[in-house]
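Please look over the chain shown here.

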Amino acid sequence: MFFSTLFALFGLGARCWILFNLAVYALPFAIGLTSGMYLYETGQGIFLSIMAGLFIGGLVATLGEFAFDRIRSFPLKLAIGLIYAVPAGI
């Protein structure tokens, strides 16, 4: 009984951690997926579409983290955080 309770709490904690961690990457994923699908629909090919989608998604994630680290103004940090959090909430 003790181990089942322990595993249930661990599983719940791991699930919450994964959900909150993945919420940060919802906007870069959506932008990368959209750009990859757009490139594929315009006839650029599967390989280029996948590579460009991965690159653009990674670029958006990197730029967001860089901007959040460098900006000191609280309202701008709040705006950047909301921009990244809204797609995860939707």
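Predicted model: local features only at pLDDT ≥ 70, side-chain atom pairs only at ≥ 80, totals over all residues.

Residues are numbered from 1 along each chain as its sequence is written, and side-chain values use heavy atoms, with hydrogens and water left out.

**Overall form**

- The chain has four helices and zero strands; helices (H or I, at least four residues) and strands (E, at least two) are DSSP runs, numbered from the N terminus.
- Along the sequence the pattern reads α-α-α-α.
- The radius of gyration of the chain is 18 Å, whereas a compact globule of 90 residues would have one near 12 Å; this radius is taken over C-alpha atoms, and the globule rule is 2.2 Å times the number of residues to the power 0.38.
- Taken along the principal axes, the C-alpha atoms fill a box of roughly 60 × 40 × 20 Å.
- Of the 90 residues, 16% count as buried (buried means under 20% relative accessible area, exposed over 50%, partly exposed in between, with a 1.4 Å probe and protein chains only).
- Among contacts between residues at least 6 apart in sequence, 46% join residues at least 24 apart; contact means heavy atoms within 4.5 Å.

**Helix 2 with helix 3**

- Helix 2 and helix 3 pack at an angle of about 155°, with their axes 7 Å apart; axes are lines fitted to C-alpha atoms, for helices over the stretch in contact, and angles run from 0 to 180 degrees between N-to-C directions.
- The two helices are therefore roughly antiparallel (angles under 35 degrees count as roughly parallel, over 145 as roughly antiparallel, 65 to 115 as roughly perpendicular and the rest as oblique).
- Their crossing is right-handed, meaning that the near helix is turned clockwise from the far one by less than a right angle.
- Residues of helix 2 in this contact include Ile31, Gly32 and Leu39, and those of helix 3 include Ala52, Gly53 and Ile56.
- By class, the contact of helix 2 with helix 3 has 10 nonpolar, six polar and no charged residues; Ala, Val, Leu, Ile, Met, Phe, Trp, Tyr, Cys and Pro count as nonpolar, Asp, Glu, Lys and Arg as charged, and the others, Gly among them, as polar.

**Helix 3 with helix 4**

- Helix 3 (residues 46-70) and helix 4 (residues 74-89) pack at about 155°, with axes 10 Å apart.
- Helix 3 and helix 4 are therefore roughly antiparallel, and their crossing is left-handed.
- Val60, Ala61, Gly64, Ala67 and Phe68 of helix 3 meet Lys77, Ile80, Gly81 and Tyr84 of helix 4.
- The contact of helix 3 with helix 4 divides into six nonpolar, two polar and one charged residues.

**Helix 2 with helix 4**

- The axes of helix 2 and helix 4 come within 7 Å and cross at roughly 75°, which makes helix 2 roughly perpendicular to helix 4.
- Ala26, Leu27 and Pro28 in helix 2 meet Ile83, Tyr84, Pro87 and Ala88 in helix 4.
- The contact of helix 2 with helix 4 has seven nonpolar, no polar and no charged residues.

**Single residues**

- Ser35 is in helix 2 (residues 26-41) and counts as buried at 15% relative accessibility.
- Not counting residues up to four places away in sequence, Ser35 touches Ala52, Gly53 and Ile56.
- Tyr25 is in the loop between helix 1 (2-23) and helix 2 and counts as partly exposed at 39% relative accessibility.
- Tyr25 and Leu76 are 51 residues apart along the chain, and their C-alpha atoms are separated by 19 Å.
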